[in-house]
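Please read the following account with the sequence and the coordinates side by side, and follow each residue in the viewer as its surroundings are described.

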Amino acid sequence: MTPARRPPRPDLLARAELLAAPALDTSVVGELERITGRPAGRASGTVPEGPFLYVGDTLPRALRTGQLLWFHSVNAGTDALLAAGPWPEGALLTRTVGRMGERIAQYVLAWVLAECQSVPEHTAQHAAARWRRIPSELAAGQTVVVHGTGHIGSAVAGLLRACSLRTVGVSRTPHGVPPGFDRVVAAGGDEERAALAEARWVVSTLPLTAATERFFGGARFTAMRGASFVNVGRGACVDMAALEAALRAGTVRRAVLDVLPDEPAGPDDTVWQLPRTVITSHSAGITADEDVVTDFAACWQAVAEGRRPALAVDTGRGY
């Protein structure tokens, strides 16, 4: 087990100071105190002299020291944390997932069904006070390709499969078929290209790493023969110029983007002019306070028992 994955030693954890980010709600801080059995200090820029654990959304540079035993992120994504500077050697990093998988799966299903029921077209007709019958489309039996077969991807695939869609997962290193998927193919090969050509919807749940930056570029968008693209992973996984070209060429039918390479998008940002595209404000899977408490408690129990928490992040891989 590498130092970045090893749980803090019990003796260090027993005397570690608990710090909470200023933005954390007082009710959450109270739960953290109950779980750890110690009072929480509010991070103020002062570096603790002894070992400490910190719960928050960002890790200030001043606290990236050898005294940091463990940082628990209130968010699921950790790419920004790891990109902000060298990760303290040996410090454990855990994250909050909570019911995010359910929330994101519901988001994806909502847009799939909205497209099947021609909701955008009906909305435009209403705005124009027009009456015209628009046929619906059945989702059942159609293929959705989900890039990313982890917790989020499996949740998305599981809900869509329950609606009788065929679910194909794409993974860099397929190991069996995770729950929710009919089959899984390797990224970058002929099987992925064939799956993209067959897909009615393509969903990205990818984290942002060196391997996934601009993962969706011209080659993948060209392979989609009229699929709709939904991104609930990370914005920088998409080459936006390639997506725009695919939308204008018709190889991508529609796009639903909950994430963008640069957020938030200002009113003058050209992303608002992308054809047949809906942009939502990174809100598909917002974590709730109860998610933070539940996941921190599970991580605390694992660490107290000398186990690596299931929500630990491999800081080398970035997820």
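Ser118 counts as buried because its relative accessibility is 7%, where buried stands for under 20% relative accessible area, exposed for over 50% and partly exposed for what lies in between, with a 1.4 Å probe and protein chains only. Ser118 sits in the loop between helix 4 and helix 5 (119-127), and its phi is near 55°, a positive value in a residue other than glycine. Ala129 also has a positive phi, of about 55°, although it is not a glycine; its place is in the loop between helix 5 and strand 6 (143-147), and Ala129 is exposed, with a relative accessible area of 71%. Helices (H or I, at least four residues) and strands (E, at least two) are DSSP runs, numbered from the N terminus.

The model is predicted, so that local features need pLDDT of at least 70 and side-chain atom pairs count only at pLDDT 80 or more, while totals for chains, interfaces and linings use all residues. Residues are numbered from 1 along each chain as its sequence is written, and side-chain values use heavy atoms, with hydrogens and water left out.

Strand 11 (residues 252-257) pairs with strand 12 in the parallel sense over 3 bridges, and Ala255 stands opposite Thr277 in strand 12. The loop between strand 11 and strand 12 holds Pro264, which a cis peptide bond with omega of about -5° joins to Glu263.

Since 6 of the 6 residues of strand 4 are buried, it is largely enclosed by the rest of the structure. Strand 3 (residues 52-56) runs parallel to strand 4 and is joined to it by 5 bridges, with Tyr54 standing opposite Phe71 in strand 4; 3 bridges join strand 4 to strand 5 (residues 92-94), again in parallel, and there the bridge partner of His72 is Thr94. Ser73, placed in strand 4, is buried with a relative accessible area of 0%, and its C-alpha atom is separated by 4.6 Å from that of Arg95, 22 residues apart along the chain. Not counting residues up to four places away in sequence, Ser73 touches Gly56, Leu81, Thr94, Arg95 and Thr96, contact being defined as heavy atoms within 4.5 Å.

Rings of Phe, Tyr and Trp (its six-membered ring) pair if their centres lie within 6.5 Å, and planes under 30 degrees apart count as stacked, over 60 as edge-to-face and the rest as tilted. Phe221 and Phe229 form an edge-to-face pair, at 5.3 Å centre to centre and 85° between the planes, and Phe215, Phe216, Phe221 and Phe229 form one aromatic cluster.

Helix 10 (residues 289-304) also holds Asp295, which is buried yet has no salt bridge, the nearest side chain of opposite charge, Arg95, being 8.0 Å away. A salt bridge is a side-chain nitrogen of Lys or Arg within 4 Å of a carboxyl oxygen of Asp or Glu; Lys and Arg count as positive and Asp and Glu as negative, whereas His and the chain ends are not counted. Leaving aside neighbours within four places in sequence, Asp295 is in contact with residues including His72, Arg95 and Thr96.

Methods:
Pairing = 2+ DSSP bridges.
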